[in-house]
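Hi everyone, thanks for coming.

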Amino acid sequence: MAAGELIGSFALTEAEAGSDPAGLRTSARRDGDSWVINGSKRYITNAPLADLFMVFARTNPEEKGGRGISSFAVETSTPGVTVGPKDKKMGQSGAWTAEVFFDDVRVPAEALIGEEGRGYAKALTVLSRGRLHIAALCVGMAQRVLDESVAYAATAKQGGAPIGRFQLVQAMLADMHAELLAGRSMVREVAARYDSGEDMSIGPSSAKLYCTEMVARATDNAVQIHGGMGYLRSTPVERFYRDARLFRLYEGTSEVQRVIIGGGLLREAGMPRG
Ligand SMILES: Cc1cc2nc3c(=O)[nH]c(=O)nc-3n(C[C@H](O)[C@H](O)[C@H](O)COP(=O)(O)OP(=O)(O)OC[C@H]3O[C@@H](n4cnc5c(N)ncnc54)[C@H](O)[C@@H]3O)c2cc1C
């Protein structure tokens, strides 16, 4: 995978286990030297291209919630693995998603990743790092739409003068710039704290929450500054407007980030769980 010869795919989400992945129903049953996996996953990025899936499945049906979930490396070529047709999405057309079905898929004991029953903890670690990654992506996209907007405002004319002369247009550029700076600074600080092990949960969730909402406002302003041109497929900001919508949904919705942040702060203050 590191050499780029195999494409991997992270298969956690199910029909009734999205924001609450601990409720997943895919099962893995030990049978001699093998595990037998049954269930299905949806919205799985890279599924139509993947050589290998990291599949999360319940290995202990007695355990509820996150306990009793394990993760497995499952090759796409294994009998019983089927990938559905590509989903038709609103944006991010360069990333393909699909459903994946596991029908009595038999994998060797070595396919278990890490410890049995610790897969959910592993998923949370991966997702937390991914949230930081998405926050950084949003900063990049916000910079691009700001650059496009400044260039457009400086040249597109109304009444013989560039629209950038209008202070209400300048105000949109100013908001985009100020929020972009805030997002970039936040990503840098949160990434440093993540690397030092100081904060691997509240920080990444806060950066994901702020930067995904920041880029939504930035892409919206960019379309507004472009006027009717912003609504045309030929304009880059039209694509970014659609692409940005996904960031608030995957790797934990904005609501889920707020739950993680609020709950985390209260736990740090000693509030008991439950
Ligand atoms: C394009 C795309 C790519 C994806 N790629 C992957 C992938 O590679 N691998 C993978 O495993 N998954 C992937 N996902 C799945 C993604 O992570 C989930 O869609 C996301 O976590 C939301 O889950 P859901 O769709 O089931 O929505 P739901 O969880 O049903 O949420 C619906 C609404 O209810 C709200 N809600 C739910 N629970 C709570 C709560 N406790 N408190 C407050 N509000 C709540 C949500 O915030 C949301 O507004 C992808 C999804 C998309 C659309």
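I'll start with the ligand and its surroundings, then turn to one histidine.

Please keep in mind that this is a predicted model.

So, which residues come nearest to the ligand? Of the 16 residues around it, those are Phe10, Thr13, Ser19, Thr253 and Glu255.

Let's look at some individual atoms. At Phe10 the backbone is involved: one of its N or O atoms sits 2.7 Å from a nitrogen atom of the ligand. Leu12 also brings in a backbone N or O atom, 2.9 Å from an oxygen atom of the ligand. With Thr13 we move to the side chain, where a polar atom lies 2.6 Å from a ligand nitrogen. On its own, the ligand has 970 Å² of accessible area, and the protein covers 64% of that.

Now, where does this shell come from? Domain 1 (8–116) and domain 2 (121–268) each supply at least three residues. Among the contributors, strand 3, residues 34–45, gives the largest share, with 3 residues. If you like to think in residue classes, the shell has 7 nonpolar, 6 polar and 3 charged residues.

Let's move on to the histidine. His226 belongs to helix 3, which spans residues 202–226. Is His226 buried or exposed? Its relative accessible area is 5%, and the cut-off for buried is under 20%, so His226 counts as buried. And what does it touch? Leaving out residues up to four places away in sequence, His226 is in contact with Glu148, Ser149, Tyr152, Thr235 and Val237.

That's my tour, and I'm happy to go back to any part of it.

Notes: Residues are numbered from 1 along each chain as its sequence is written. This is a predicted model: local features need pLDDT of at least 70, side-chain atom pairs count only at pLDDT 80 or more; totals for chains, interfaces and linings use all residues. Side-chain values use heavy atoms; hydrogens and water are left out. A residue is near a molecule or strand if one of its heavy atoms lies within 4 Å of it. A polar contact is a pair of N or O atoms within 3.5 Å; within protein, one must be able to donate a hydrogen and the other to accept it, and residues adjacent in sequence count only if both atoms are side-chain atoms. Accessible areas come from the Shrake-Rupley method with a 1.4 Å probe; for residues, only the protein chains shown count as cover. Helices (H or I, at least four residues) and strands (E, at least two) are DSSP runs, numbered from the N terminus. Ala, Val, Leu, Ile, Met, Phe, Trp, Tyr, Cys and Pro count as nonpolar, Asp, Glu, Lys and Arg as charged, and the others, Gly among them, as polar. Domain bounds come from an automatic or database domain assignment. Buried means under 20% relative accessible area, exposed over 50%, partly exposed in between (1.4 Å probe, protein chains only). Contact means heavy atoms within 4.5 Å.
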